[in-house]
Amino acid sequence: MRLATTTTAAFIVCCSAALLVLPTAAQTHTFKYKETNNAYIYEAKPGDFFQFFLGDPQFHFPCVPENTDCKKQCTNSGTVCESRYANKVQVQSIGALTQQLTARGFRPRSIIMNGDLTDFGQDFELSEFKSQWFMDSQLGGMKIYPGLGNHDIQNTVDHKNCKQNECADRMLSFFIDNLERHLKIRPDYQVYQDAAGKWYYGSFAYSWNECSPTNPSQCVHFVQLNNYPSYSRTIEAYPKGRWTVMSALNWLQRDLAQNQQHPVVVNFHRFDTEFSDADRASFRSIISNKSNRVLGVFFAHNHSGYGVRHEEYWCINGRYVPLLYSGSVPGNNYLLVRFTGDYRTISIVESHHVTGSGYTNVYPLQMKTGSC
Ligand SMILES: *[C@@H]1O[C@H](CO)[C@@H](O)[C@H](O)[C@H]1NC(C)=O
Ligand SMILES: *[C@@H]1O[C@H](CO)[C@@H](O)[C@H](O)[C@H]1NC(C)=O
């Protein structure tokens with residue numbers, strides 16, 4: 001199955017006010033699928049459904065060096081230009097691919113964003129994140145399920161540029177407010193009021209189901225654990241409030257026990273040495289419960305990574321469970337995942353802007369299947 005579905009994408013470059021690299025007339029995408037006899041999207045069956053995964057919109061962070069398109073558009077104009085450019089084309093690419101899939105009866109269910117919405121939780125960063133991703137009509141109101149990453153919370157704690165931890169406070173407030181208001185999801189936390197103010201206490205993890213529009217019993221249970229599953233920290237942001245972010249492992253165990261009827265996809269932001277060996281072992285043991293069926297573990301953080309990380313799979317209950325980079329905005333790549341009826345495999349499409357060409361390439365990644 002080696003489709004090269006090639007899509008042309010015209011670029012808009014958005015930059016600092018002083019520098020407009022390309023005219024905005026070049027806004028429309030045209031898609032030219034290079035048909036092969038095994039087209040990934042065409043072989044989708046009624047009942048299958050698609051999801052987007054990505055990481056690190058991270059306003060404002062430079063593009064990865066290999067994203068030479070981005071570098072070229074922003075020569076001498078720096079980080080803000082690069083970040084705006086990368087986010088802009090990512091939204092365009094996803095918007096256009098969504099139209100293409102919708103025309104075939106497969107409107108993707110939602111976008112899962114695995115952390116680092118901002119670089120430092122600053123007001124102007126969050127505002128720009130919201131306007132580029134939440135108010136862009138190209139996405140047609142598609143729901144976005146965000147997680148928080150180390151840049152949104154961890155890195156900003158007790159930092160001189162965030163007085164009274166206003167950065168983490170802003171991101172956590174935005175996070176719970178957005179989930180409750182727009183997605184009608186209450187993440188795992190409680191609020192206590194004491195003399196000093198409000199104390200928000202919990203793992204802030206959440207979960208929800210996405211189901212096939214034609215077969216409502218064919219669903220996948222998605223879990224979002226934010227930074228990393230065992231991250232814990234108390235963040236003093238008085239007078240606004242105090243936030244205690246607890247490890248999400250206990251919550252995960254309860255959530256999985258309550259949701260056994262559908263296969264599970266686990267999301268968080270960083271899967272690196274901060275996630276200790278002992279905590280990893282607990283995490284792995286929780287998701288290995290025979291009552292559940294985990295399809296994959298998705299994370300981000302590495303801006304150059306997309307797809308199965310270093311060919312890593314965990315063998316869980318006799319099945320390969322891939323550990324996957326979701327792709328990143330600074331790298332201008334992301335994953336489109338098709339959840340199939342038998343759930344034996346998840347199929348993955350990589351899409352990234354090919355340097356200098358104005359193309360988005362979409363093609364399936366090879367996944368290890370079968371028993372282990
Ligand atoms: C596995 O799931 C069952 C059923 O939900 C639960 O009773 C049990 O405690 C779980 N085991 C572990 C190790 O989490
Ligand atoms: C990030 O991903 C790239 C591409 O897969 C890989 O070469 C690199 O080693 C990764 N970096 C880390 C720190 O894992």
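How many residues of the shell around ligand 1 are nonpolar, polar or charged? The model is predicted: local features need pLDDT of at least 70, side-chain atom pairs count only at pLDDT 80 or more, and totals for chains, interfaces and linings use all residues. Residues are numbered from 1 along each chain as its sequence is written, with chains lettered from A and ligands numbered from 1 in the order in which they are written.

**View 1. Surroundings of ligand 1.** Gln253, Ala257, Ile286, Asn289 and Ser291 surround ligand 1 (C-beta atom, placed from the backbone, within 6 Å). The shell holds 2 nonpolar, 3 polar and no charged residues (nonpolar: Ala, Val, Leu, Ile, Met, Phe, Trp, Tyr, Cys and Pro; charged: Asp, Glu, Lys and Arg; polar: the others, Gly among them).

**View 2. Helices H5 and H6.** The axes of H5 (residues 249-258) and H6 (residues 277-287) come within 10 Å and cross at roughly 5° (lines fitted to C-alpha atoms over the stretch in contact, with angles from 0 to 180 degrees between N-to-C directions). The two helices are therefore roughly parallel (angles under 35 degrees). The contact of H5 with H6 comprises 5 nonpolar, 2 polar and no charged residues.

**View 3. Strand E9 and its partners.** Strands (E, at least two residues) and helices (H or I, at least four) are DSSP runs, numbered from the N terminus. E8 (residues 206-211) and E9 run antiparallel, joined by 6 bridges (pairing requires at least two DSSP bridges). Cys211 has Cys219 in E9 as its bridge partner. E9 also pairs with E12 (residues 264-267) in the parallel sense over 4 bridges, where Val223 stands opposite Val266.

Terms used: Angles under 35 degrees count as roughly parallel, over 145 as roughly antiparallel, 65 to 115 as roughly perpendicular and the rest as oblique.
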